[in-house]
Amino acid sequence: MDQPSEQQVWDWLDTVPDPEIPVISVVDLGIVRDVAWEGETLTVTVTPTYSGCPATAIISMDIESALRNRGVRDIRVKTQISPAWTTDWLSDKGKVKLEEYGIAPPRPAGGPERCPRCGSKAVEKVSQFGSTPCKAHWRCTDCLEPFDYFKCI
């Protein structure tokens, strides 16, 4: 097999879902930081959303599996914790996918702009702690539905 281009690898990685939020890819989440060929070895650099993220090992395995399924044999997944991941690395496409899934995307203002379910701006924080460490629990006071808000980090 010919060595695929780095762009081809990025495209393949864009199909690897985040294990905690499967509607967003590891690329759209912004945790894949670099893809580079070093001779015959493909190195994929990953920055977890936080250093203790329990999904880091699963993400590495999913990346390796996706690449092996496309014929890449010599793969190195490198974890890089500095600089630390930030929600600024989320792609615009990823933010849209989060909202369509029912998770309010992060905003620098510190809270959701609107309810991801009905679009109302009448929202209130229930708890700073949500279903995962990256999310807070909010609810809409119009449709009364609870939802997660992806914290701005």
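This briefing walks through a predicted model, from the overall fold down to a few single residues. Along the sequence they follow the pattern α-β-β-α-β-α-β-β-β-β.

Residues are numbered from 1 along each chain as its sequence is written. Local features need pLDDT of at least 70 and side-chain atom pairs count only at pLDDT 80 or more, while totals for chains, interfaces and linings use all residues; side-chain values use heavy atoms, leaving out hydrogens and water.

**The chain as a whole**

- Taken along the principal axes, the C-alpha atoms fill a box of roughly 55 × 25 × 20 Å.
- Of the 153 residues, 44% count as buried; here buried means under 20% relative accessible area, exposed means over 50%, and partly exposed is in between (1.4 Å probe, protein chains only).
- Take the contacts (heavy atoms within 4.5 Å) between residues at least 6 apart in sequence: 52% of them join residues at least 24 apart.

- Helix α2 covers residues 56-68, which makes 13 residues.
- From first C-alpha to last, α2 reaches 18 Å, close to the 18 Å expected at 1.5 Å a residue; the expected span is 1.5 Å times one less than the number of residues.
- The buried residues of α2 are Thr56, Ile59, Ser60, Ile63, Ala66 and Leu67.
- Seen down the axis of α2, these buried residues fall within an arc of 130° (judged by the directions from the helix axis to the C-beta atoms), so they line one face of the helix.
- The packing partners of the buried α2 residues are α1 (6-13), β1 (32-38), β2 (41-46) and β3 (75-79).

**The β-α-β unit**

- Strands β2 and β3 run parallel and are joined by five bridges; two strands pair if DSSP finds at least two bridges between them.
- Within this pairing, Val44 stands opposite Val77 in β3.
- Together, β2, α2 and β3 make a right-handed β-α-β unit: with the strands pointing away from the viewer, the path from the first strand over the helix to the second runs clockwise.

**An aromatic pair**

- Two aromatic pairs turn up in a search of the whole structure; rings of Phe, Tyr and Trp (its six-membered ring) pair if their centres lie within 6.5 Å, with planes under 30 degrees apart counted as stacked, over 60 as edge-to-face and the rest as tilted.
- In one of them, the ring centres of Trp138 and Tyr149 are 6.0 Å apart and the planes stand at 65°, so the pair is edge-to-face.
- Trp138 sits in strand β6 (residues 135-140) and Tyr149 in strand β7 (residues 146-150), eleven residues apart.
- Trp138 is buried at a relative accessible area of 10%, and Tyr149 is buried at 3%.

**Two exposed loop residues**

- Gly39 lies in the loop between β1 and β2 and is exposed at 53% relative accessibility.
- Ile81 belongs to the loop between β3 and α3 (92-101) and is exposed, with a relative accessible area of 54%.
- Leaving aside neighbours within four places in sequence, Ile81 is in contact with Pro48 and Ser51.
- Ile81 and Val46 are 35 residues apart in sequence and 8.2 Å apart in space, C-alpha to C-alpha.

Conventions
Helices (H or I, at least four residues) and strands (E, at least two) are DSSP runs, numbered from the N terminus.
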